[in-house]
Amino acid sequence: MVPLLGLNTEELRTVAATSGVQAFRGNQLAEWLYQRNARDFDRMSNLPPAFLESLQKHFIIGRSKIIITQRSTDGTVKLLLELSDGARIETVGLPYSSHYSCCVSTQAGCPVGCGFCATGQSGFKRNLTAGEIIDQVLSIGEILKETGNHGRGRVDHVTFMGMGEPLLNYDATVKTLKLLNNELGLSARNLTVSTIGQVPGIRRLSQEKLPVTLAISLHAPTDDLRHQLIPGFVRWTVAEIISAGRDYVSQTGRRLTIEYCLLNDVNDHAGEAQQLADLLQGLNCHVNLIPFNPAEGLPYTASPPQHVQAFSNLLAKRGIQVTERARRGADIDAACGQLKQRNC
Ligand code: SAH
Ligand code: SF4
């Protein structure tokens with residue numbers, strides 16, 4: 001059985017035409033899937049019964065099952081979702097004063113295995129499909145509608161910062177970006193892809209004519225230090241990664257985000273701040289300092305406030321734009337790097 005979720009309007013029109021009904025029925029199907037969050041065919045009352053019967057014979061809708069919903073005291077919501085083959089992933093909804101953001105997973109687990117990330121330590125199961133990625137946005141959207149706790153009641157920002165490395169699942173990531181843009185009407189500038197620095201993927205993405213925001217998780221200004229933090233994945237040097245970032249900025253006109261997770265006495269000294277500032281001179285970027293979120297078995301601790309402040313001040317003094325990311329949803333293990341594969 002083929003899932004319908006993940007197909008765009010054009011593809012759904014083809015489904016309609018090959019099922020022997022007029023192509024515009026595909027547009028109605030798209031509306032049911034992406035605007036009205038249909039979970040079963042029975043609700044699709046404006047479609048001809050014969051078409052519905054044929055759909056039911058050959059297709060499934062392709063929604064995941066919500067297994068657990070957790071709510072943080074700060075409004076963050078985390079869902080544990082079960083996919084059709086039993087794989088389980090997590091997705092997070094984050095309310096802000098001006099918008100509502102969904103942080104999606106692109107893989108079940110992650111093959112990169114960063115030493116400071118709970119996802120990386122939980123192994124890798126498989127890539128997600130575009131349908132399974134966009135389903136996360138729809139599921140968070142449903143929770144929003146139920147609780148009505150946010151003005152427009154819909155997700156308007158999506159960050160690819162959940163479980164997995166999006167650029168190692170390139171095709172599904174780009175297909176999802178296009179679906180979010182075209183089917184859900186989200187602006188490309190409100191979509192952020194975060195990568196550990198997969199250079200070929202960054203270069204391909206810059207050619208997509210989809211000016212999404214790119215975030216590069218750098219975490220270290222030198223190859224040696226990066227190698228310590230990300231032992232299995234140092235295929236590209238820091239210089240190659242920053243060069244790909246520079247090209248992304250010139251191709252898309254978008255400001256680059258550099259993510260830097262501050263680990264106490266590992267990458268948070270004045271020396272590293274200076275090296276980072278040298279590296280980023282003249283680049284249209286801002287540095288997002290991420291507080292380290294502890295998880296079981298991770299051998300690091302968060303930098304104390306005085307290290308964070310000194311690091312941030314030093315960058316600012318060198319003319320680098322810098323922000324400190326607030327820790328969100330930590331009480332439900334929904335903060336950056338805390339998502340992992342769970343079986344219960
Ligand atoms: N694989 C991609 C996207 C998912 S990780 C990437 O690495 O960019 C999303 C962000 O969370 C990354 O910047 C990552 O470095 C950060 N992160 C991972 N583990 C963390 C932890 N324990 N504490 C804080 N941030 C973490
Ligand atoms: Fe994978 Fe990103 Fe976690 Fe590294 S930080 S293990 S790339 S999810």
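Tutor: First, the classes. Ala, Val, Leu, Ile, Met, Phe, Trp, Tyr, Cys and Pro count as nonpolar; Asp, Glu, Lys and Arg count as charged; the others, including Gly, count as polar. Keep in mind that this is a predicted model.

Start with the second largest pocket. Its volume is about 310 Å³. Of the 15 lining residues, I60, G62, R63, S64 and S84 lie nearest the centre. Domain 1 (2-60) and domain 2 (65-332) each give at least three residues to the lining.

Now turn to ligand 1. A shell of 21 residues surrounds this ligand, with F116, S194, S217, H219 and N293 the closest. By class, the shell holds 11 nonpolar, 8 polar and 2 charged residues. Three strands each supply at least two of the shell residues: β10 (191-195), β12 (256-262) and β13 (285-291).

Look at the individual contacts. F116 uses its backbone: an N or O atom there lies 2.7 Å from a nitrogen atom of ligand 1. A polar side-chain atom of S194 sits 2.7 Å from an oxygen atom of the ligand. For S217, the distance from a polar side-chain atom to a ligand oxygen atom is 2.6 Å. How much of ligand 1 does the protein bury? Taken alone, ligand 1 exposes 530 Å², and the protein buries 96% of that.

Last, ligand 2. The residues around ligand 2 are C110, V112, G113, C114, C117, G120, G164 and I196. Sorted by class, they give 5 nonpolar, 3 polar and no charged residues.

Key. Residues are numbered from 1 along each chain as its sequence is written. Chains are lettered from A and ligands numbered from 1 in the order in which they are written. This is a predicted model: local features need pLDDT of at least 70, side-chain atom pairs count only at pLDDT 80 or more; totals for chains, interfaces and linings use all residues. Side-chain values use heavy atoms; hydrogens and water are left out. A residue is near a molecule or strand if one of its heavy atoms lies within 4 Å of it. A polar contact is a pair of N or O atoms within 3.5 Å; within protein, one must be able to donate a hydrogen and the other to accept it, and residues adjacent in sequence count only if both atoms are side-chain atoms. Accessible areas come from the Shrake-Rupley method with a 1.4 Å probe; for residues, only the protein chains shown count as cover. Helices (H or I, at least four residues) and strands (E, at least two) are DSSP runs, numbered from the N terminus. On a 1 Å grid over the protein atoms alone, a cavity is a set of points where a 1.4 Å probe fits but cannot get out, and a pocket is an open set with protein on both sides within 12 Å along at least five of seven lines; lining residues have an atom within 4 Å of a point. Grid points are joined across faces, edges and corners, and a volume is the space filled by probe spheres set on the points. Domain bounds come from an automatic or database domain assignment.
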